[in-house]
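Subject: Structure for your files

Hello,

Here is the structure I said I would pass on, with the sequence alongside. Please look it over before reading the notes that follow.

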Amino acid sequence: KGIPNDAMPLRRIIKKMKQNTFIIFPEGTRSFHADEPRIKTPSGVTIGQARGGIGFIIWHTRPTVIPVLVKHADRAMPPHKSPWWALWLIWFHRVEIIFGKTLDLSQFSNRKATTKDEKQKLFAEIGTTVIRAIASLDTKKPKGDRK
């Protein structure tokens, strides 16, 4: 209901999310696109923009959202490297995972969006809220920064 016919993968995700626990990466990929705005955290972790689908999925399923920051995954598993190369790198690079508190996204649940533009803006706002919550989990200063 309210989902475009050509969005069959999203239909499947929404159906499954109502029955199961999911881990979704709001950026959608590990690759870097230089033309996209990025958020830089205090310790230097760079986070990209949320893809439009994450806001769409959250708005339609109303899940419990727990922000998780995965630090240094770019070193342990860089974009465009084969899985075998990544297995070797994981051995030598420490990945840190930080879990946040459950996000309160209730401000979006009662918002009415009737036009396509309003819906896209709403979904983008949800995605941005999730990305900012993830970025806020990084409170450590980079090594060597004594300020």
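A contact here means that heavy atoms lie within 4.5 Å. Among contacts in the protein chain between residues at least 6 apart in sequence, 69% join residues at least 24 apart. Please keep in mind that this is a predicted model.

Overall layout

The protein chain has six helices and four strands. Read from the N terminus, the order of elements is α-β-β-α-β-α-α-β-α-α. Of its 147 residues, 31% count as buried.

The core

The largest nonpolar core contains 25 residues, and I47, I58, L69 and L122 have the most contacts inside it. Two or more residues each are given to this core by α1 (8-17), α2 (52-61) and α6 (116-135). The largest share, eight residues, is from α6.

Not counting residues up to four places away in sequence, the partners of I47 are E27, R38, I39, T41, L69, I131, I134 and A135.

Helix α6

This helix has 20 residues and spans 29 Å from its first C-alpha to its last, close to the 28 Å expected at 1.5 Å a residue. The buried residues of α6 are L122, F123, I126, G127, V130, I131, A133, I134 and A135.

Helix α2 against helix α6

Two packed helices are described by the angle between their axes and the distance between the axes. For α2 and α6, the axes come within 7 Å and cross at roughly 95°. Angles of 65 to 115 degrees count as roughly perpendicular, so α2 is roughly perpendicular to α6. By class, the contact of α2 with α6 has eight nonpolar, four polar and no charged residues. On the α2 side, the residues are G52, I54, G55, F56, I58, W59 and H60; they meet L122, F123, I126, G127 and V130 in α6.

L10 lies in helix α1. Is L10 buried or partly exposed? Buried requires under 20% relative accessible area, and L10 has 23%, so L10 is partly exposed. Leaving aside neighbours within four places in sequence, L10 is in contact with F56 and I57. The C-alpha atoms of L10 and G53 are separated by 8.0 Å, although these two residues are 43 residues apart along the chain.

E96 is found in strand β4 (residues 96-99). This glutamate has 17% relative accessibility and therefore counts as buried. Leaving aside neighbours within four places in sequence, E96 is in contact with L69, V70, K71 and K140. L69 is also among the core residues with the most contacts, and L69 is one of the residues touched by I47.

R62 sits in the loop between α2 and β3. Phi of R62 is near 55°, a positive value in a residue other than glycine. At 45% relative accessibility, R62 counts as partly exposed.

Regards

Conventions: Residues numbered from 1 in each chain as written. Predicted model: local features only at pLDDT ≥ 70, side-chain atom pairs only at ≥ 80, totals over all residues. Heavy atoms only, no water. Core = buried A, V, L, I, M, F, W, Y, C linked by side-chain atoms within 4.5 Å. Buried < 20%, exposed > 50% of the residue type's maximum accessible area, 1.4 Å probe, protein only. Expected span 1.5 Å × (residues − 1). Axes fitted to C-alpha atoms, helices over the stretch in contact; angles between N-to-C directions. Parallel < 35°, antiparallel > 145°, perpendicular 65-115°, else oblique. Nonpolar A, V, L, I, M, F, W, Y, C, P; charged D, E, K, R; others polar.
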